Amino acid sequence: MGGLLKHGNDNQVKSPDKKVNVNVSSISRKQAGFGEDSAEKIPTFDVNMRVDNHTRNAVLALSKVTADKRSASEMVSLMIESYLESLTPQTRDTYDELVSMMETKDKLDYKLKSK
């Protein structure tokens with residue numbers, strides 16, 4: 001049984017190659033395949049928004065009559081994108097700043113809740 005661990009002849013002992021070059025470099029987590037840094041991500045989570053039953057019914061009906069049978073959330077996003085195209089540049093800049101502030105608040109709130 002002890003002979004199973006001995007591979008080859010005892011007369012032919014090889015010495016390891018001592019001329020080995022090792023190149024070392026630093027890579028990011030993304031390059032290593034671990035995804036993006038979580039510091040840059042803005043969390044996405046479900047929330048509720050109060051609307052009356054007529055508004056809800058209209059959004060649901062629009063979502064059902066589209067060719068893609070979209071969800072209500074997707075339909076609201078499409079309507080927002082469509083409305084944004086009609087805004088003046090100054091109003092659009094103000095909108096972008098407000099959305100950025102709200103996204104930053106969400107990011108900070110999420111960080112505090114996850115600790």
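Confidence first. This is a predicted model. The protein chain averages a pLDDT of 80. Of its residues, 64% score at least 70. By element, helix α1, residues 53–65, has the highest confidence, with a mean of 93. Helix α3 has the lowest, at a mean of 90.

Let's go into helix α1. Take S63, which sits in this helix. Is S63 buried or exposed? Its relative accessible area is 0%, so S63 is buried. What does its side chain reach? The S63 side chain comes to 2.7 Å from the backbone oxygen of L60. Now look further along the sequence. Setting aside neighbours within four places, S63 is in contact with K69, R70, S71, A72 and M75.

Next, K64. This residue also lies in helix α1. K64 has 52% relative accessibility, and the cut-off for exposed is over 50%. Therefore K64 counts as exposed. So we have S63 buried and K64 exposed. M75 comes up again here. The C-alpha atoms of K64 and M75 are 9.5 Å apart. Along the chain, K64 and M75 are separated by 11 residues.

Over to helix α3, which covers residues 89–113. Y110 is located there. Y110 has a relative accessibility of 47%, so Y110 counts as partly exposed.

Technical notes: Residues numbered from 1 in each chain as written. Heavy atoms only, no water. Helix = DSSP H or I, 4+ residues; strand = E, 2+ residues; numbered from the N terminus. Buried < 20%, exposed > 50% of the residue type's maximum accessible area, 1.4 Å probe, protein only. pLDDT = per-residue confidence, 0-100. Polar contact = N/O pair within 3.5 Å; in protein donor to acceptor, adjacent residues only side chain to side chain. Contact = heavy atoms within 4.5 Å.
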